[in-house]
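Q: Hi, I'm new to this one and would like a friendly tour. Could you show me the sequence and the model?

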Amino acid sequence: MKFVTIGYGDRAGYDRTDQAVRDEAHAHDARLRAAGVEMGVAGPPVQVRNHGGNGTKVDEGPFLTSALPVAGFAVVEAESLEEAVRMVEGTPCAVAHGVVEVWPLRS
């Protein structure tokens with residue numbers, strides 16, 4: 001199964017996390033990348049609308065808002081939701097006072 005993961009976190013939470021914990025979290029990300037996980041840091045988003053097929057409108061900024069900004073994303077393959085959770089539990093957002101959402105992708 002494939003899962004989309006969305007990491008939320010801010011600089012303040014990252015900075016107040018012990019350096020050794022942050023270093024291990026970045027090493028964890030490097031291991032995930034080496035294993036083929038596609039991941040990246042989130043850039044500024046845009047919203048795309050084409051209601052009724054009557055013309056595309058693009059607005060800058062996120063549609064959803066949360067207490068923490070989106071920091072990054074990954075697409076992981078795992079046998080179960082539990083395995084996907086284990087894969088992301090050591091990432092920077094998970095350990096540095098943020099949160100990671102795990103969304104199953106169904107086709």
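**A first look around**

A: Let's start with Asp59, which counts as partly exposed at 25% relative accessibility; buried means under 20% relative accessible area, exposed over 50%, and partly exposed in between, with a 1.4 Å probe and protein chains only. This is a predicted model, where local features need pLDDT of at least 70, side-chain atom pairs count only at pLDDT 80 or more, and totals for chains, interfaces and linings use all residues. Residues are numbered from 1 along each chain as its sequence is written, and side-chain values use heavy atoms, with hydrogens and water left out.

Q: Okay, what does Asp59 form a salt bridge with?

A: Its partner is Lys57, and the closest N and O atoms of the two are 3.7 Å apart. A salt bridge here is a side-chain nitrogen of Lys or Arg within 4 Å of a carboxyl oxygen of Asp or Glu. Salt bridges with shared partners also join Arg49, Lys57 and Asp59 into one network.

Q: Is Lys57 buried or partly exposed?

A: Lys57 is partly exposed, with a relative accessible area of 48%.

Q: And how many salt bridges does the count come to?

A: The count is 4 by this rule. One of them links the side chains of Arg11 and Asp15, at 3.3 Å from N to O. Another pairs Glu24 with Arg31, whose closest N and O atoms are 2.5 Å apart.

Q: Where do Arg11 and Asp15 lie?

A: Both are in helix H1, residues 11-15, and they sit 4 residues apart, about one turn of the helix. Helices (H or I, at least four residues) and strands (E, at least two) are DSSP runs, numbered from the N terminus. Arg11 is exposed at 56% relative accessible area, while Asp15 is partly exposed at 46%.

Q: What about Glu24 and Arg31, buried or partly exposed?

A: Glu24 is partly exposed at 42%, and Arg31 is partly exposed at 45%.

Q: New topic: how many residues does helix H2 have?

A: Helix H2 covers residues 19-34, so to speak a run of 16 residues, by the DSSP rule. From its first C-alpha to its last it reaches 23 Å, close to the 22 Å expected at 1.5 Å a residue; the expected span is 1.5 Å times one less than the number of residues.

Q: Which residues of H2 are buried?

A: They are Arg22, Ala25, His28, Asp29 and Leu32. These residues cover an arc of only 115° around the axis, which puts them on the same side of H2; the arc is that of the directions from the helix axis to the C-beta atoms.

Q: And what is on the face turned away from that buried side?

A: That face of H2 carries the exposed residues Ala20 and Ala34.

Q: What do the buried residues of H2 pack against?

A: They pack against H1, strand E2 (38-41), helix H3 (81-88) and helix H4 (92-95). For contacts, the rule is heavy atoms within 4.5 Å.

Q: Which residues are buried in H3, then?

A: Ala84, Met87 and Val88 are buried in H3. They span an arc of only 85° around the axis, which places them on the same side of H3. Their cover includes strand E1 (2-8), H2, strand E5 (70-77), H4 and E6.

Q: Where does Thr91 lie?

A: Thr91 is in the loop between H3 and H4, and it counts as buried at 8% relative accessibility. Leaving aside neighbours within four places in sequence, Thr91 is in contact with Ala25, His28, Asp29, Leu32 and Val100.

Q: Switching to strands, where is Leu105?

A: Leu105 lies in strand E6, residues 99-105, and is partly exposed at 43% relative accessibility. The C-alpha atoms of Leu105 and Phe3 are separated by 5.3 Å, although the two residues are 102 apart along the chain. Apart from neighbours within four places in sequence, Leu105 is in contact with Lys2, Phe3 and Val4.

Q: Where is Lys2 found?

A: Lys2 is in strand E1, and it counts as partly exposed at 42% relative accessibility.
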